[in-house]
Amino acid sequence: MAAGTIVAACSSDDSATDESRPADAEGEFTGDTASTQAPTEAIEVPAATEEEPAEDEAAEDASAADAMEEGDGGADIDAEADPGEDRTASIDVEAPFDESDPGEGDGLFDDEPSDDVEDRFDDNRFEDYGYREFVAAADDPLSTFALDVDTGSYSIARRYLDEDALPPRESVRPEEYVNAFDYDYDAPRDGLDISVDGGPSPFDDDNILVRVGVQGEEVADEDRGPAALTFVIDTSGSMDRDDRLGLVKESLEVLVDELNDDDTVAIVTYSDTSGIVLEPTPVRDRDRIVDAIDELGPGGSTNLESGLREGYQLAREAFDDDGINRVVLASDGVANAGVTDPQELASMIRDDADAGIDLVTVGFGMGNFNDVTMEQLADNGDGFYAYVDTIDEAERLFEDELTSTLLTVAKDAKIQVEFDDQFVQAYRLIGFENRGVRDSDFRDDSVDAGELGAGHQVTAIYEVDLVDDLGLDDRAELGVVALRWEDPDTGEVTETDEDIDLRDVEPGWRDTSDDFQLATVVAAFAEKMRDNPFADAVDIEALAEEADRLADVIDDDDVDELAALIAAAADHS
């Protein structure tokens, strides 16, 4: 079996073709679909996009495409290309995973959830952003997107799998799975830096993966300015559960213990209306803050609009020109009073984000949970979105991530990759479907993009189809990665780039670093969880074995947990 290929155990799953509302690889949604490449010879499955959609699905696809911005790319690949053409001789094809025959089962997503699981996960709202098709480099060599450090999608998957259920396919955003893990990138002295490496693809023997890593500078806690944090806490009746308001209260106490004495905390709550529970209070007065947290109680409807308006008003009053200004929303994302539309709510906070008040959204609870609102608010509020389902996750987020990344080191950060069609036939970006930026807007610094805090990482993975007869021992520059961002203090814009050198792509799976293998396994897991037809050749059980091997190699609790989650998903195959 060829390198990186995990033989499909789920090749008979018909549901893979249902979710194909694709975006092109640069994020300029056009509705044009590139033909799916033929699967590897390990299985015989027709390309997912060859199946004619049902009439109502086609109408839905057209409607979705019309609602999105027209772009430059999305050119079709020749569907008549010979699928049997063998270029593996130029690549070391020692198989990293156990070879097995394709399964004849009903597929990973055919299990009906039990009634009790359905009750726990009823009325959750997720958005289906489709998946990216391959783009012919000769027709559209540019791929442009905003950086994204959200991790909520992965934590939601863990919540479902812990409840012995598969996460909804529409809940899966692969970049958030990949970015839930730390990778060994070199930290720059200031700003951002790029690293590039590659190896075999688990999706198609003939292809490679290219990993683009972005690392933000690290800033010691004592070297950052004071933080003015305003918490906007949902205390409506829907939060009356231990995994909601109870966990919020525990989480806030964890955070208070990690803040500096000269940081300030303010608390606004909302249900039918909103109110100030705690005026901006120095953390040195910890007892007063904890008492305010302890007194929080649920009841009433959910007027998220009112909570945001009052929270931002208080944040403006507490604004510190020389410090860090953040609003932290803790909620299940539900809004049933006042303004309830996620886009309208998000537009309310845009001016405050431009003025330097960033928003972090933290989701709690499951069942009547609105992932869409929480993610869109974070994107428009120049912050990030996380999901907390256990006290362990709260400690990881509030002890490690939030406090260490409070200082923003890059604003409006975006990437543009230009592939050389002399060496690259086609490519697809895995994930980032809702973070696309027009190619022509890459150097337009008025266009909103992504924000990175100190120490933040972003990882993007491309699957690349090389031109015929190009071997990994050849000398070639597959393309260039350009990274552009604004310094939040000086307003100075920096652009840097890094070549994608074919010599940085390892020929065999065992030749790649443990770091690369981890990112690849996580990406493959995400693609299986959203039932992407490009992952039909991935055997979930073989993937579980590989994750288990990595857990033995990498001494990290997060990797141990990943192995357990993939094993749980494999139990549904």
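Five strands make up an open, antiparallel sheet in the order β1-β12-β14-β4-β3, where strands are DSSP E runs of at least two residues, helices are H or I runs of at least four, both numbered from the N terminus, and two strands pair if DSSP finds at least two bridges between them. This is a predicted model, so local features need pLDDT of at least 70 and side-chain atom pairs count only at pLDDT 80 or more, while totals for chains, interfaces and linings use all residues. Residues are numbered from 1 along each chain as its sequence is written, and side-chain values use heavy atoms, with hydrogens and water left out.

**The big picture**

- The protein has 14 helices and 16 strands.
- Of its 573 residues, 60% are buried (under 20% relative accessible area with a 1.4 Å probe, protein chains only; exposed is over 50%, partly exposed in between).
- Take the contacts (heavy atoms within 4.5 Å) with a separation of 6 or more: 84% of them come from residues 24 or more positions apart.

- β12 (residues 424-429) and β14 (residues 457-466) run antiparallel and are joined by five bridges; Ala426 has Asp465 in β14 as its bridge partner.

**The six-stranded sheet**

- Another open sheet has six strands in the order β7-β6-β5-β8-β9-β10, with mixed pairing.
- Its edge strands, β7 (274-282) and β10 (385-388), each pair on one side only.
- From one strand to the next, the twist averages 20 degrees.
- β8 (residues 324-331) and β9 (residues 358-364) pair in the parallel sense over six bridges, and Ser331 stands opposite Gly363 in β9.
- Helix α10 (residues 371-380) lies across β8, β9 and β10, at about 160 degrees to β9.

- Val265 belongs to strand β6 (residues 264-270) and is buried, at 2% relative accessible area.
- Leaving out residues up to four places away in sequence, Val265 touches Leu229, Phe231, Leu259, Leu278, Glu279, Pro280, Thr281, Val283 and Ile289.
- Helix α6 (residues 286-294) has Ile289, Val290, Ala292 and Ile293 buried.
- Those four cover an arc of only 155 degrees around the axis, so they are on the same side of α6 (the arc is taken over directions from the helix axis to the C-beta atoms).

**Rings and charges**

- The whole structure holds 11 aromatic pairs (Phe, Tyr and Trp rings, six-membered for Trp, with centres within 6.5 Å; planes under 30 degrees apart are stacked, over 60 edge-to-face, the rest tilted).
- Phe145 and Phe432 form a tilted pair, 4.5 Å centre to centre with 40 degrees between the planes.
- That pair links distant parts of the chain, 287 residues apart: Phe145 is in strand β2 (residues 142-146), and Phe432 is in the loop between β12 and β13 (450-453).
- Phe145 is buried at 1% relative accessible area, and Phe432 is buried at 0%.
- Tyr154, Tyr177, Phe181 and Phe525 are linked into a cluster by ring pairs.
- Arg428 has its charged end over the ring of Phe203, 5.0 Å from the centre (the test is NZ of Lys or CZ of Arg within 6 Å of the ring centre and within 35 degrees of the ring normal).

Key: Axes fitted to C-alpha atoms, helices over the stretch in contact; angles between N-to-C directions.
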